[in-house]
Amino acid sequence: MTLHVPKLHVIADCASLADQAFRGGAPAVQVRIKGLSDAAVLAECEHIVAAAQATDAVVIVNDRADIALAAGAHGVHGGADDLPVSDLRKLLGPNRLVGGTARDPDTALCHQADGASYVGVGPVYATATKDGLPEPLGPAGVEKVAAAVDIPVIAIAGITVDRVPELLDAGARGVAVIGAVAHAADPIAATAELLEALGG
């Protein structure tokens, strides 16, 4: 059975943040951990996958298909410089989620043809969470991609609760967030608010 693509993806760099996201009702956590050994990343991912089982949430590992498979995660998201979507799909098989990053309709269409479950579109807004990002696309950029593909579009970068409605209007199925949860005074409550804005 193929997994459906959740509306809210909380990007977490550690198990403790993922735990709080799950407590807030997050249906998906994307694991993005930098600067640790592969063994340490795998251990964190295994903890997150185990925690996700309590709420039937989905765990997607950024960049690393090998760690996703070893940890028993539900999918992998490939960035622009990672393995191509077609290769990620071969590695993960037909029943796990595969996401690809796109900034334009042509790239998104290629990902769709190569077996992507969804495309992550961004940066939509300016963000300080990641260095070296290209110019923000804005909701209009999301709309162009969403109009071109049949698979879900997940908007990323600079997402706040207040910006969710215009992104849904632009055709996004959902959003991926970092700072809106990680930097919140109460990550559990922040997750719940985002989920409510997305319609649950």
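Colleague: Where does Asp63 lie, and how do I read the element names?

Modeller: Helices (H or I, at least four residues) and strands (E, at least two) are DSSP runs, numbered from the N terminus. Asp63 sits in the loop that runs between strand 3 (58-62) and helix 3 (65-71). The model is predicted, so local features need pLDDT of at least 70 and side-chain atom pairs count only at pLDDT 80 or more, while totals for chains, interfaces and linings use all residues. Residues are numbered from 1 along each chain as its sequence is written, and side-chain values use heavy atoms, with hydrogens and water left out.

Colleague: How many helices and strands are there in the protein chain?

Modeller: The protein chain has nine helices and eight strands. Its C-alpha atoms fill a box of roughly 40 × 40 × 35 Å along the principal axes.

Colleague: Back to Asp63. What is the phi of this residue, and is Asp63 buried or partly exposed?

Modeller: Its phi is near 75 degrees, a positive value in a residue other than glycine. For accessibility, buried means under 20% relative accessible area, exposed over 50%, and partly exposed in between (1.4 Å probe, protein chains only). Asp63 has 23% and is partly exposed. Ala157 also has a positive phi, of about 95 degrees, without being a glycine. Ala157 belongs to the loop between strand 7 (153-156) and helix 7 (164-169), and counts as buried at 11% relative accessibility.

Colleague: Which residues are in contact with Gly79?

Modeller: Contact means heavy atoms within 4.5 Å. Leaving aside neighbours within four places in sequence, Gly79 is in contact with Asp63 and Thr101. Gly79 is placed in the loop between strand 4 (75-78) and helix 4, and at 22% relative accessibility it counts as partly exposed. Between Gly79 and Ala12 there are 67 residues in sequence and 16 Å in space, C-alpha to C-alpha.

Colleague: Which peptide bond is cis?

Modeller: The bond from Gly122 to Pro123 is cis, with omega near 0 degrees. Pro123 is part of the loop between strand 6 (118-121) and helix 6 (138-148).

Colleague: What caps the N-terminal end of helix 5?

Modeller: Asp104 does, at the start of residues 105-113: one of its side-chain oxygens lies 3.1 Å from the backbone nitrogen of Asp106. Gly115 follows helix 5 and has a positive phi, near 105 degrees. The C-alpha atoms of Gly115 and Gly93 are separated by 9.9 Å, with the two residues 22 apart along the chain. Gly93 is in the loop between helix 4 (85-92) and strand 5 (97-102), and counts as buried at 19% relative accessibility.

Colleague: Which polar contact joins the side chain of Ser117 to another side chain?

Modeller: A polar contact is a pair of N or O atoms within 3.5 Å; within protein, one must be able to donate a hydrogen and the other to accept it, and residues adjacent in sequence count only if both atoms are side-chain atoms. The side chain of Ser117 makes one of 3.0 Å with the side chain of Arg89. Ser117 lies in the loop between helix 5 and strand 6 and is buried at 13% relative accessible area. Beyond its neighbours within four places in sequence, its contacts include Val5, Arg96, Leu97 and Ile151.

Colleague: What lies 2.9 Å from a polar atom of the side chain of His111?

Modeller: The backbone oxygen of Thr101. His111 is in helix 5 and counts as buried at 14% relative accessibility. Sequence neighbours within four places aside, His111 is in contact with Val85, Gly100, Thr101, Ala102, Ala116 and Val119.

Colleague: How many residues has the largest nonpolar core?

Modeller: In soluble globular proteins, nonpolar side chains tend to be buried together. A nonpolar core is a set of buried Ala, Val, Leu, Ile, Met, Phe, Trp, Tyr and Cys residues joined through side-chain atoms within 4.5 Å. The largest one here has 55 residues, and Val29, Val142, Val153 and Leu167 have the most contacts inside it. A second, separate core of nine residues includes Val5, Val58, Ile60 and Ala176. Over the protein chain, buried residues make up 46% of the 200 residues.
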